[in-house]
There are 6 protein chains.
Amino acid sequence: MTTPSRSADALRAWSIEPAPYGAAPGRIIVKAGRTTVLCTASIEESVPPWMKGQGKGWVTAEYNMLPGSTAPRKGRERGPKIDGRTTEIQRLIGRSLRAIVNLEALGERSVAIDCDVLEADGGTRTASITGAYVALVQALRSTPSFSGGEPLPVSDSIAAVSVGMVDGRPTLDLDYAQDFAAAVDMNVVMTGAGRYVELQGTGEEATFDAEQLAAMLALAHLGIAELTALQRNVLA
Amino acid sequence: MTTPSRSADALRAWSIEPAPYGAAPGRIIVKAGRTTVLCTASIEESVPPWMKGQGKGWVTAEYNMLPGSTAPRKGRERGPKIDGRTTEIQRLIGRSLRAIVNLEALGERSVAIDCDVLEADGGTRTASITGAYVALVQALRSTPSFSGGEPLPVSDSIAAVSVGMVDGRPTLDLDYAQDFAAAVDMNVVMTGAGRYVELQGTGEEATFDAEQLAAMLALAHLGIAELTALQRNVLA
Amino acid sequence: MTTPSRSADALRAWSIEPAPYGAAPGRIIVKAGRTTVLCTASIEESVPPWMKGQGKGWVTAEYNMLPGSTAPRKGRERGPKIDGRTTEIQRLIGRSLRAIVNLEALGERSVAIDCDVLEADGGTRTASITGAYVALVQALRSTPSFSGGEPLPVSDSIAAVSVGMVDGRPTLDLDYAQDFAAAVDMNVVMTGAGRYVELQGTGEEATFDAEQLAAMLALAHLGIAELTALQRNVLA
Amino acid sequence: MTTPSRSADALRAWSIEPAPYGAAPGRIIVKAGRTTVLCTASIEESVPPWMKGQGKGWVTAEYNMLPGSTAPRKGRERGPKIDGRTTEIQRLIGRSLRAIVNLEALGERSVAIDCDVLEADGGTRTASITGAYVALVQALRSTPSFSGGEPLPVSDSIAAVSVGMVDGRPTLDLDYAQDFAAAVDMNVVMTGAGRYVELQGTGEEATFDAEQLAAMLALAHLGIAELTALQRNVLA
Amino acid sequence: MTTPSRSADALRAWSIEPAPYGAAPGRIIVKAGRTTVLCTASIEESVPPWMKGQGKGWVTAEYNMLPGSTAPRKGRERGPKIDGRTTEIQRLIGRSLRAIVNLEALGERSVAIDCDVLEADGGTRTASITGAYVALVQALRSTPSFSGGEPLPVSDSIAAVSVGMVDGRPTLDLDYAQDFAAAVDMNVVMTGAGRYVELQGTGEEATFDAEQLAAMLALAHLGIAELTALQRNVLA
Amino acid sequence: MTTPSRSADALRAWSIEPAPYGAAPGRIIVKAGRTTVLCTASIEESVPPWMKGQGKGWVTAEYNMLPGSTAPRKGRERGPKIDGRTTEIQRLIGRSLRAIVNLEALGERSVAIDCDVLEADGGTRTASITGAYVALVQALRSTPSFSGGEPLPVSDSIAAVSVGMVDGRPTLDLDYAQDFAAAVDMNVVMTGAGRYVELQGTGEEATFDAEQLAAMLALAHLGIAELTALQRNVLA
């Protein structure tokens, strides 16, 4: 069921707010319609073994859906069997953030991003990226090296949104029902300056042509611009 | 650092509130001082294979700490290596709830409890049990079989609190710093009627005598009575 | 080191040939420059449990690099630790093929695609998809249900190629050295009719704009057209 | 089937004897009725990585039931799936022993306790703890640092016994049939001096009151006193 | 250190005796010098899924060394990492017993053999096979289908012994020190009638010629004959 | 179905040829009838941790069947469950090669052998060993330390062949159908000089006597001599 009052080129209702609990220096709750994600960012004064001694930092991310985030309940990911979808999403989040972090300026420290989905109604990966950027900035601001007013080791903001072909129409920011019905599903990650970081379009047992691609990308630009403004407000 | 203004026989500040997100029929957020746990309860119309055909239901529980619940960050429990502490706690939660659920009256369905720690400052297992009882009742009330006004398949309420010997003094509801300093640590699970369900006392490289045991149990009775009143308010 | 004589808009030397060994009904060896992949397709007269009774078939894929395909040797993927990159690639291969297979017409049977990399010099996932399509058709032709001249349950051909921004220039069909040097890397999966199936573009700690995207997509169209012709020759 | 001639406040027939085989410096066979456990203690001149350089030692324990210890056969615990009950028991054994070992006086070495159940008829964890103490002392006596007559780094003896409510009556040292029938089951670990180390009481889908608790603890004191005497005889 | 008084063509001191504990219907303790193995045999009235409906039975075996069986302590085999040596040995034990069990006459039931090494001083796999045969017969005799006097579903007895080239001399029944020093190590499994079941000879970074092979096989025949007599005594 | 024209004392058609792809310094394709194996040998300038500082090298081997090597498709070995047969075979390959490599002369480096079965029709382990020897020599010749004309750290050649009792007749080099029908199956690994390295004979729910053993060994000698000649030609 798509929300009847929303037009195909409008975002769902989004909010990004500080999380009222947690111990990580960066922690926010991002909402996109009924999708809710807790994004935390923790700083560690070390890097993975394979990066030691290069004077560079690292950003990594983990993604997880809590069992109560869906009904029926989603089984918890434990044990040796790792879900492929989870792997894909958390790799995407980490890669996206690294595109706008200056790893040399970060120095030999790591930022660990955790995106835990509290309620899932479509677009959890784009909400995660959009929220994770805010948590990352919060955490960096709390780091002694960057809290004195020097510039953060971040070159631009980053946000993400989904677009797709639903009932033959280019549609922005799909909820679960729209995503399920979509013939094409595309996730777009862009900087605040409007440059692409990631583009992942998938025909779900379907295909799409160049014109449809152009229409979807245009919608994504609109959505990202709104989300970028929202991020600026929160961080101001 | 213990909170200076709290006396050794007082609970921390507790609250139990409905969670503003999530899809599970039962979902609450319980706070005990700075410890915060999201407890959800989901109903499945089936039982584990080894219980089939007996006409009885089952209650199971999982416990998890989110990575951002502590600083420094707690590594996420994934992969084949399962933490012994986690196993102990989730077994305790499930066993405690089964003590007050009438499994025959529940019928061939399962209640899955999930306790995800959002912030950890000691007493996460007792907060989990105390909150899980409320989420369980919420979930049962939403079940068609029990939503028409018939009695729920629950014989009493249940709550839990920790007590310990800190600096030689019997102390109620230990936070992390107190737990770390305690020579003896005891978790007490009791019904609303004041009967024991579980009693787990541990000398941490230390021992305790019968008199100390009696003093700690007396404090636990006081704490449980307060938590039982809090639960009744939420469920009223 | 890129091959000096190849221009930025030219494919590497490609070939697709029947594999001279193996027992699977579909089996080919695809080469793209020094990248070599053995693609086999096996038919099973059953579907995964969650698809039973729907009258539809399924296509699944696995991807693997043999240890001797690189120097130094690549550790064999065994044991509980599954590599995220492998997961992503095999999900991409399976999804791509399902986009052009008519699962209803396939009936309740599965096609298992295996892409084993014999030598790796960049572009192993695009070579795998391009070769897997040929092995899939071979295997379907050998199936009694489809070997009598009826149409195969396939709506179009499918092929894949990589494009990227190397030294600031849009470049087609990246080898390992080019891929390593690329600021942007994009994998494009298209049908023989020129429609998109998958589009995965990634800024490697970099970003790209709309103009660069357009230039890369134009190169991809050229490359896919050539590969489609090669596939038709092999299957004729 | 409970042994008819045993009164509710009597121990089963217990024995602790040196094991006639094995290579570990501490090795005994403990019997409690038909429950038989092989307890070995091995010394390693190192500590776990997280304890290095602190000048302290460590005591760890593993618990295991041999497949032939029950009929029908108990599946061997191998592979990634670790049983929660096993985890709980071996953590209890290790924690109990550490309560009476002076880890500083032990020095930077580890004692590894292994409790392998040869026949299981209830009370395997209490037999394990009671036997493990004896094996621990044997092993320490064989260590060059402690074999010259200096005091062992052990502050007291330790023993364990179960008590429970069976058919409404407080009962000591439950065998399997009694344990199965018990409404309440409690494991008590005490020192030779009569101080508590661990207290784990569980209502099995039941609850218990303060009076029942007191009666069970009184029985436990009696039982522990007898077991302590038995340990002294063996070690004399 | 080889036992000085034993000649190269003599067995170590062997014994096979009923185990004084355990619940499995077949259970013996076999000793070969200082090597001690507990062999149990359990009967299950079912067969593995892949054998159902064929009217045949199955014999399977597991092998395990207890941590205290060696000094220094042998790490317990748990978790996902399975030791290759263990796998080899338990496959050998199972295969050897199946060679002399009439699986059709056994009917649709399974015999599970467990060989748990209590003390290891070389030759644990040959002691396991020799003892497992006795436990198997014990267990079959306890099975209602075979306990009435009908012939057991066993065509012959089976025993195993090691031989090797030690200091250039063919040697029977190697203990650990001899095994370590041996250039060639061979395990021979034979029936009571003197026919080969398994022959596994290995040059340990060495090789052997036909003459040495003949000398070792002659010794194995002698050893097996003695062990067969010992088995008959126990089972008489 | 055995190939009708081959007599029981003749090898199948064998070939050993350089692999036309791959990056490992040693890489050959060995064929024995319809069995085809890719054997690669990679050199690493390090040894396993437990061998460091001894001045000696190591040879290790892995064995794997590709899914398309059989029909129906063989499931890929991934995940925590490791197949016992695979473990046995790769241990055999490594042990066999180490018998003819002078590990001291090799120096502190490792040779990693990978045997990937491209088509399986019986005798994959013997083809693997026979081919791996050739790949090993190729790889050593490419190593700077040995490429200048000094002798390789190899004391002899090594080859392997299977023999068995099929339809009551001693038979050489069993294909899959013969292996399935064989009452006895024996793998023989020998040096070029005719000395035994490994002898593994198994009665498949059957037994064999000394005369049959002698006949099978005689056939193995013949087969190994032919394979040794083939290896010399390839390496000349």
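C:Glu119 and C:Arg34 form a salt bridge, and their closest N and O atoms are 2.5 Å apart. The two residues are 85 residues apart and link distant parts of the chain: C:Glu119 is in strand S5 (residues 110–119) of chain C, and C:Arg34 is in the loop between strand S2 (26–32) and S3 of chain C. The model is a predicted one.

The partners differ in their cover. C:Glu119 has a relative accessible area of 6%, so this residue is buried. C:Arg34 has a relative accessibility of 51% and therefore counts as exposed, because the cut-off for exposed is over 50%.

## Salt bridges between chains

Over all chains, the structure holds 71 salt bridges. Side chains of opposite charge can pair when their charged atoms come close.

One of the salt bridges is formed by the side chains of E:Glu62 and D:Arg76, at 2.7 Å from N to O. E:Glu62 belongs to strand S4 (residues 58–65) of chain E, while D:Arg76 sits in the loop between strand S4 (58–65) and helix H1 (84–98) of chain D, so the pair joins two chains. E:Glu62 is partly exposed, at 24% relative accessibility, whereas D:Arg76 is buried, with a relative accessible area of 14%. In chains A and B, a network of salt bridges links A:Glu62, A:Asp114, A:Asp116, B:Arg73 and B:Arg76.

## Asp173 in chains B and C

C:Asp173 forms a salt bridge with C:Arg12, with the closest N and O atoms 3.3 Å apart. C:Arg12 lies in the segment before strand S1 (14–18) of chain C and C:Asp173 in the loop between S7 and H4 of chain C, so the pair ties together parts that are 161 residues apart in sequence. Both residues of this pair, C:Arg12 and C:Asp173, are buried. For C:Asp173 the relative accessible area is 0%.

The backbone at this position can also be described. Most residues other than glycine have a negative phi, and most peptide bonds are trans. C:Asp173 is not a glycine, yet its phi is positive, at about 60 degrees. In chain B, B:Asp173 has a positive phi near 60 degrees. B:Asp173 lies in the loop between strand S7 (169–172) and helix H4 (176–181) of chain B, and this residue is buried, with a relative accessible area of 0%.

## Cis peptide bonds

C:Pro72 is in the loop between strand S4 (58–65) and helix H1 (84–98) of chain C. In chain F, the bond joins F:Ala71 and F:Pro72, and omega is about 0 degrees. F:Pro72 is in the loop between strand S4 (58–65) and helix H1 (84–98) of chain F.

## Surface residues and an annotated domain

A:Glu104, C:Asp179, C:Glu204 and C:Glu205 form a negative surface patch. Of these, C:Asp179 is in helix H4 (residues 176–181) of chain C and counts as partly exposed at 31% relative accessibility. C:Gln54, in the loop between strand S3 (35–44) and S4 of chain C, is partly exposed at 46% relative accessibility.

An unreviewed UniProt entry lists residues 12–139 and 157–221 of chain A for "domain: Exoribonuclease phosphorolytic". Residues 157–221 of chain A are 28% helix and 45% strand, and the end C-alpha atoms of this span lie 14 Å apart.

Terms used. Residues numbered from 1 in each chain as written. Chains lettered and ligands numbered in written order. Predicted model: local features only at pLDDT ≥ 70, side-chain atom pairs only at ≥ 80, totals over all residues. Heavy atoms only, no water. Patch = residues over 30% accessible without salt bridge, like charges linked within 9 Å, V, L, I, M, F, W, Y side chains within 5 Å. Areas by Shrake-Rupley, 256 points an atom, 1.4 Å probe, with all protein chains shown as cover. Salt bridge = Lys/Arg side-chain N within 4 Å of Asp/Glu carboxyl O. Lys, Arg positive; Asp, Glu negative; His and termini not counted. Charge placed at Lys NZ, Arg CZ, Asp CG, Glu CD. Helix = DSSP H or I, 4+ residues; strand = E, 2+ residues; numbered from the N terminus. Buried < 20%, exposed > 50% of the residue type's maximum accessible area, 1.4 Å probe, protein only. UniProt positions renumbered as here; feature names shortened; annotations may be inferred.
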